[in-house]
Amino acid sequence: MTHETNRPDQDVQGDAGPLLSVRDLTLDISTPHGTARILEAVSLQVHPGEIVGVVGESGSGKSMTALSVMRILPTTARIASGGIDFEGVDLATLSARQMRTIRGRRIAMVFQDHMTTLDPVISIGAQIEEAYRLHHRSASRAEARAQMLEVLTQVGVPDPEERSKQYPHQWSGGMRQRAVIAMALINDPDLIIADEPTTALDVTIQAEILAVLRELRDRRGLSILLITHDMGVIADMADRIVVMKQGKVVETGEVHALFASPEHPYTRTLLDAVPQPGDDPAASTAEETSQPAALEVKDLVVQYRRSWRRQGVRAVDGVSFTVPSGSVVGLVGESGSGKSTIGKAVVGLAPITAGSVLVEGTDLRGLDRAAARTARRSYGMVFQDPASSLNPRMTIGQCITEPLLAHRRDLSAAARRERVTELLEQVELPAAWITRFPHELSGGQRQRVGIARALAPEPELLIADEPTSALDVSVQAAVLEVFQDLQQRLGFSCLFISHDLAVVELVSESVIVLQGGRIVEQGDARTVLRTPQTEYTRRLVDAAPIPDPARQRDRQLTGTTAPHTP
């Protein structure tokens, strides 16, 4: 990008010390039940040009630490003690006006939840331009637009001139995340706080985004505080790692040393929870069965209309596959390949332009309202974005109860409550949280509520759209264990949509690879993902991050990760 680099309020940084230093930060938050301590004596440093990774389970305090640095804490939160030094200035002592000159310009943040970060009634391009003009008030509209288009190109948005005119709901989850990253990069900040910046991205775009951040670090000394649950991303990017648990820092170390010999038992638990499919490809080879298909998709076409003047977008183009009863079929591909659209078409949330979708032998296309309502009892869906799929005005208990009220009217109120309690325990959430609202939960915790909600009526078919994308590794491992146990015990079938190839290989018997709305490869999951036959599948596999810093560095040096071409 071509931004101005000489700033009157910026001194050239040498070896004077850390760019950011969080010193014994203690944070309290007021609740209806009293004061809760969210952070306790948290200390970390980020030096110029350094990438520091912060890992830990949902609720460990990673995001609250980031929000403290940005001074955008909830009104009920209070810094009890400690300091936050940025280039020697304690941010906690600055006025709101002084912070506005730093926030977004000197320190930028990529938030975890792209759906709530973007304004739904303003075009993507206009929002990114606004972020630029807030700190470049003398810039013309033409200059702001040129910078916006350039940064969208850098983060891998195809046809940025046209796509920038669209609104957030017209972009996929991965595309929205790219827009949020572009918004953070447009002012060329000194420090980026990236809170799960690649959560919703497919592996090839994730590799590109990480490469962009790494290139910015190398080119101009950009510092990055990287918060993520993906140990592969940490191995790929971080110079040092900070491990947090229950609001405290339990271990800090250089990335190679920490991966090789973690000292704290909790760090070892996180590393052990990384999905590790078996080494024997033959062990998971799917056997041919004569079982009927739980889901049968035939020549499916999904086309979205733009306007009467312009041809619509064909998101899915002639896709055919089956999900045998009692089996798990993985669906992988880049953002925009049609994965989520297929899942939505199955449950009636996307238009079926042509072809057919049969669930348990019933063709869903053309059903009247009563028949469609009956058919919905046999399938459930875990949506990609828990923040927008859960009703913010309902407690999580009410959210999970809702499908029971619709499809299990034979259950008494006591039986429904017992079922909700059981489901919360299965997804590793306290039963006492039944009265909490979605905004009181972290992103990973909300995703677990979404999983419990989909499983509530005990469906025969589950459509899981990125069910573990927002989960940290330890919770992901627990949820996958629960998922596999429930799938084997209850025997439901599942179409498992994910960009995490390791997870797909772990849970799926077979896999389907999509590109541009079409199937390019399919077969046994272990075989396809270990010995891909098409260049596109090889690129997906090569781009997947490896939770081993030494192997990740070797991959970068040998250039085995193929670039993505929008």
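1. In this predicted model, Asp159 sits in the loop that runs between α5 (141–154) and α6 (160–163). Its phi is near 50°, a positive value in a residue other than glycine. As background, most residues other than glycine have a negative phi. Asp159 has a relative accessibility of 47% and therefore counts as partly exposed, given that the exposed class begins over 50%.

2. Ala41 is another residue other than glycine with a positive phi, here near 55°. Ala41 belongs to a strand, β2, which covers residues 34–46. With a relative accessible area of 41%, Ala41 is partly exposed.

3. Turning to the protein as a whole, the model contains 22 helices and 20 strands. Its radius of gyration is 24 Å, close to the 24 Å that the globule rule gives for 566 residues, so the protein is as compact as a globular protein of that length. Taken along the principal axes, the C-alpha atoms fill a box of roughly 70 × 55 × 50 Å.

4. Of the 566 residues, 54% are buried. Among contacts with a separation of 6 or more, 70% are accounted for by residues 24 or more positions apart. The accessible surface of the protein comes to about 24,600 Å², and carbon and sulfur atoms hold 48% of that surface.

5. How many cavities of 30 Å³ or more does a search of the whole structure find? The search returns 3, and the largest cavity holds about 70 Å³ of space. Its lining consists of Val382, Ile451, Leu455, Leu462, Ala464, Pro467, Thr468, Val479, Leu480, Phe483 and Phe496. By class, this lining divides into 10 nonpolar residues, 1 polar residue and no charged residues. At least two lining residues come from each of α17, β17 (461–465) and α18 (473–490), and the largest share, 3 residues, is that of α18.

6. The second largest cavity has a volume of about 60 Å³, and the residues that line it are Met381, Val382, Phe383, Ser389, Leu390, Gln447, Gly450, Arg453 and Ala454. Two or more of these lining residues are given by each of the elements β16 (379–382) and α17, with α17 giving the most, at 4 residues. The lining of the second largest cavity comprises 5 nonpolar, 3 polar and 1 charged residues.

7. Leaving aside residues up to four places away in sequence, Val449 touches Leu390, Ile396, Ile400, Leu429 and Leu441. The C-alpha atom of Val449 is separated by 8.1 Å from that of Pro386, although the two residues are 63 residues apart along the chain.

Technical notes:
Residues are numbered from 1 along each chain as its sequence is written. This is a predicted model: local features need pLDDT of at least 70, side-chain atom pairs count only at pLDDT 80 or more; totals for chains, interfaces and linings use all residues. Side-chain values use heavy atoms; hydrogens and water are left out. Contact means heavy atoms within 4.5 Å. On a 1 Å grid over the protein atoms alone, a cavity is a set of points where a 1.4 Å probe fits but cannot get out, and a pocket is an open set with protein on both sides within 12 Å along at least five of seven lines; lining residues have an atom within 4 Å of a point. Grid points are joined across faces, edges and corners, and a volume is the space filled by probe spheres set on the points. Ala, Val, Leu, Ile, Met, Phe, Trp, Tyr, Cys and Pro count as nonpolar, Asp, Glu, Lys and Arg as charged, and the others, Gly among them, as polar. The radius of gyration is taken over C-alpha atoms; the globule rule is 2.2 Å times the number of residues to the power 0.38. Buried means under 20% relative accessible area, exposed over 50%, partly exposed in between (1.4 Å probe, protein chains only). Accessible areas come from the Shrake-Rupley method with a 1.4 Å probe; for residues, only the protein chains shown count as cover.
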